[in-house]
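Subject: Handover of a structure and the findings from it

Dear colleague,

Please find below the structure that I am passing to you, together with its sequence. I would be grateful if you would read the notes after it with the structure open beside you.

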Amino acid sequence: MSETVRMVCPVGRKHVELWAGYALVVLGVVVVAIDPGHWAHITLGVLLALMGAALAAHGHMIQAPVLEISDGEFRYQRGRYIVRVPFHDIGSYYVLPGRIRSLGLCDSTGRPKRFPSIQSRRASRTYLPLTGMTSPAKVESFMAVAGIPPRKRSLTS
């Protein structure tokens with residue numbers, strides 16, 4: 001496969017923190033604009049604006065997981081954590097249901113592949129965490145475009 005196939009998982013928390021942060025900054029400016037001569041309005045407005053700026057800054061730091069297949073390689077990236085698997089080593093995949101969806105990859109014999117932990121813990125895991133807003137149908141369509149069959153329809157299962 002010579003072309004790049006890419007999927008960015010949606011992160012709802014990021015959008016909520018950004019919008020809430022910007023709304024608090026605007027609210028702080030409005031509170032100060034209502035009565036700029038009173039110290040209570042100025043203090044409340046500055047506090048609201050600072051809290052909004054901190055919330056928006058935290059929202060900008062949240063990293064969305066990215067699935068990408070290019071140049072014969074499957075790549076999962078979430079911030080500085082990157083997993084690279086040669087495309088020919090992937091036999092099938094499965095999506096774990098739950099609050100936070102996860103993607104598991106299997107080798108050509110059907111055994112789950114193991115990945116190092118994302119949070120630098122000692123344990124390894126057999127899945128790659130996605131986000132709660134990631135639709136299993138989107139993951140299935142991404143993997144179908146990439147040419148990786150689901151585990152239940154794998155040739156080696």
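The notes that follow describe what was found, arranged by region. Please bear in mind throughout that this is a predicted model.

I begin with strand S2, which spans 66-70. This strand is mostly covered, as five of its five residues are buried. Val66, Glu68 and Ser70 point one way from S2, whereas Leu67 and Ile69 point the other way.

S2 has pairing partners that include strands S1 and S3. Strand S1, residues 5-8, pairs with S2 in the antiparallel sense over four bridges. Within that pairing, Met7 has Leu67 of S2 as its bridge partner. S2 also pairs with S3, again in the antiparallel sense, and here there are five bridges. In this second pairing, Glu68 has Arg75 of S3 as its bridge partner.

The turn between S2 and S3

S2 and S3 form a hairpin with two residues between the strands. Asp71 lies in the loop between strand S2 and strand S3, the latter covering 73-78. Asp71 deserves a look on your display, as its phi is positive, about 55 degrees, although it is not a glycine. In general, most residues other than glycine have a negative phi. Asp71 is also exposed, with a relative accessible area of 66%, whereas the five residues of S2 are buried.

Salt bridges

How many salt bridges does the model contain? The count comes to four. I describe some of them here, starting with the hairpin.

The side chains of Glu68 and Arg75 meet in a salt bridge with an N to O distance of 2.3 Å. The relative accessibility of Glu68 is 13%, so it counts as buried. Arg75 is buried too, with a relative accessible area of 16%. Arg75 also meets the side chain of Glu73 in a salt bridge, at 3.2 Å from N to O. Glu73 has a relative accessibility of 21% and therefore counts as partly exposed. Through shared partners, these salt bridges join Glu68, Glu73 and Arg75 into one network.

A polar contact of 2.7 Å joins its side chain to that of His58. Leaving aside neighbours within four places in sequence, Glu17 is in contact with Leu55, Ala56, His58, Gly59 and Ile62.

Helix H2 runs over residues 39-61 and has 23 residues. From its first C-alpha to its last, H2 reaches 33 Å, close to the 33 Å expected at 1.5 Å a residue. The buried residues of H2 are Gly45, Leu48, Gly52, Ala56 and Gly59. What covers these buried residues includes helix H1, which spans 12-34. Ala56 and Gly59, which are among the buried residues of H2, are also among the contacts of Glu17.

The sheet of S5, S6 and S9

Lastly, three strands form an open sheet in the order S5-S6-S9, with antiparallel pairing. Which strands stand at the edges of this sheet? They are S5 (92-96) and S9 (128-129); each has a single partner strand, so one side of each is left without a neighbour in the sheet.

S5 is joined by five bridges to strand S6, residues 102-106, and the two run antiparallel. In this pairing, Tyr94 stands opposite Gly104 in S6. Helix H3, residues 136-146, packs on the sheet and touches S5 and S6. The direction of H3 makes about 170 degrees with that of S5.

With kind regards

Technical notes
Residues are numbered from 1 along each chain as its sequence is written. This is a predicted model: local features need pLDDT of at least 70, side-chain atom pairs count only at pLDDT 80 or more; totals for chains, interfaces and linings use all residues. Side-chain values use heavy atoms; hydrogens and water are left out. Two strands pair if DSSP finds at least two bridges between them. Contact means heavy atoms within 4.5 Å. Axes are lines fitted to C-alpha atoms, for helices over the stretch in contact, and angles run from 0 to 180 degrees between N-to-C directions. Buried means under 20% relative accessible area, exposed over 50%, partly exposed in between (1.4 Å probe, protein chains only). The expected span of a helix is 1.5 Å times one less than its number of residues. A polar contact is a pair of N or O atoms within 3.5 Å; within protein, one must be able to donate a hydrogen and the other to accept it, and residues adjacent in sequence count only if both atoms are side-chain atoms.
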